[in-house]
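Hi,

Here is the structure I promised to pass on.

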Amino acid sequence: GLAGHADYMGKEIEEQPETAARIIDRLAPSIADGSLWASLSVPAFERVAVLGCGTSLNAGRVIASAFGALGDVPNSSLIASEASTAIVEPRTLVIALSQSGETADVLRAIDDLDLGTSSLVALTNSDHSTLARRADSMLNCHAGPEIGVAATKTFVAQVITGVAMALSALAATRRIDRDYARRQVDDLRRIPDLLAHAIAASQKAIPPLIDEIRDAQGFLFLGRGSGVVYAAEGALKLKELTYRWAEHYPAGELKHGPLALVEAGTPVVVIDSGDRRIESNIAEVEARGGRVIRIGGAGSTVPALGLSLGTPMPGGIDRWGPLESVVPLQILARDLALALGRDVDKPRNLAKSVTVE
Ligand code: M6R
């Protein structure tokens, strides 16, 4: 049941720190020694491709980049509904992500793809799903039941489980050493607190913004590097829940087109994942009177986000992005949707599990 919450989405947002802690506690002992990876019995791989739809695709994109940032593994992501003609090179680790494990576009993609010597791992929230049965091996993200149509805690659960798998795979195949893997696990262990902090800070910082953006018809979401996928996730949540137009862009693309959309009061949500060039993009928006809602970094609308970036990597590359920044994005979409009188658990036209192509 709702256990005192107004809706399932609100409940599921608040469950994220506990869900994350449970997953990390369970997986942590088997990451750095490679045993998590060994338990999946996956053959040697040279590259990684992830596929999924919607929020699961976004989680997959985070996981694919983690393979690249942590272990220099070439990686790509495929939109499941467009994947059937993709060429999968030999010795690719293919990871199919689906919370339900029943998404028709994902099942169709894995049927159509010629996997040859490549191996398919399913990352799902259901052991008994069709995807779990059809894959060579499977990893359950153990998010617990998610009732709201909007994927919230399953995103966090997929990212953590997928990053844990990536670390374990990289350690098992000696692309990273165990000490390095252990330090990454220490950083993963900070995530539950960062999520809890993000919830508390967002619940204070977001409601006062809602009046100001209530009548906005369009929203831009910008990020750079690892922030781009969080921008995508924020725009997806906003569209799905509020029925307002929202687009995401890599911030560097702003002046190549979308800047023309910005006028006085246009809400522009900027995810700061540590690339200093974001400052000039913010200045470009503010010069046109755009209303910047900054997530992370100095002057963040929601204070002290971006800490999960952890120890900076050489060249400023980060690993799984500012994961806790998804929280203010979820809360922004939910609060605005509620202010507009939307049903946040059952957005119009959408289903929790999309079993048609
Ligand atoms: O069950 P799946 O993870 O395969 O579902 C994929 C998408 O339909 C899903 O993530 C959708 O985008 C969410 N409603 C977004 O909040």
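H11 gives the largest pocket the largest share of its lining, four residues. At least two lining residues each come from helix H4 (54-71), strand S3 (92-98), helix H5 (104-112) and helix H11 (227-242); helices (H or I, at least four residues) and strands (E, at least two) are DSSP runs numbered from the N terminus.

Please keep in mind that this is a predicted model: local features need pLDDT of at least 70, side-chain atom pairs count only at pLDDT 80 or more, and totals for chains, interfaces and linings use all residues. Residues are numbered from 1 along each chain as its sequence is written, and side-chain values use heavy atoms, without hydrogens and water.

The volume of the largest pocket is about 520 Å³. Among its 26 lining residues, Cys53, Gly54, Thr55, Lys352 and Val354 are the closest to the centre. (A pocket is an open set of points on a 1 Å grid over the protein atoms alone, where a 1.4 Å probe fits, with protein on both sides within 12 Å along at least five of seven lines; lining residues have an atom within 4 Å of a point. A volume is the space filled by probe spheres set on the points, which are joined across faces, edges and corners.)

The second largest pocket has about 180 Å³, and its lining includes Trp245 and Lys239.

Finally, glutamate 12 sits in helix H1 (residues 8-14). A polar atom of its side chain is 3.2 Å from the backbone nitrogen of glycine 148.

Best wishes

Definitions and conventions
A polar contact is a pair of N or O atoms within 3.5 Å; within protein, one must be able to donate a hydrogen and the other to accept it, and residues adjacent in sequence count only if both atoms are side-chain atoms.
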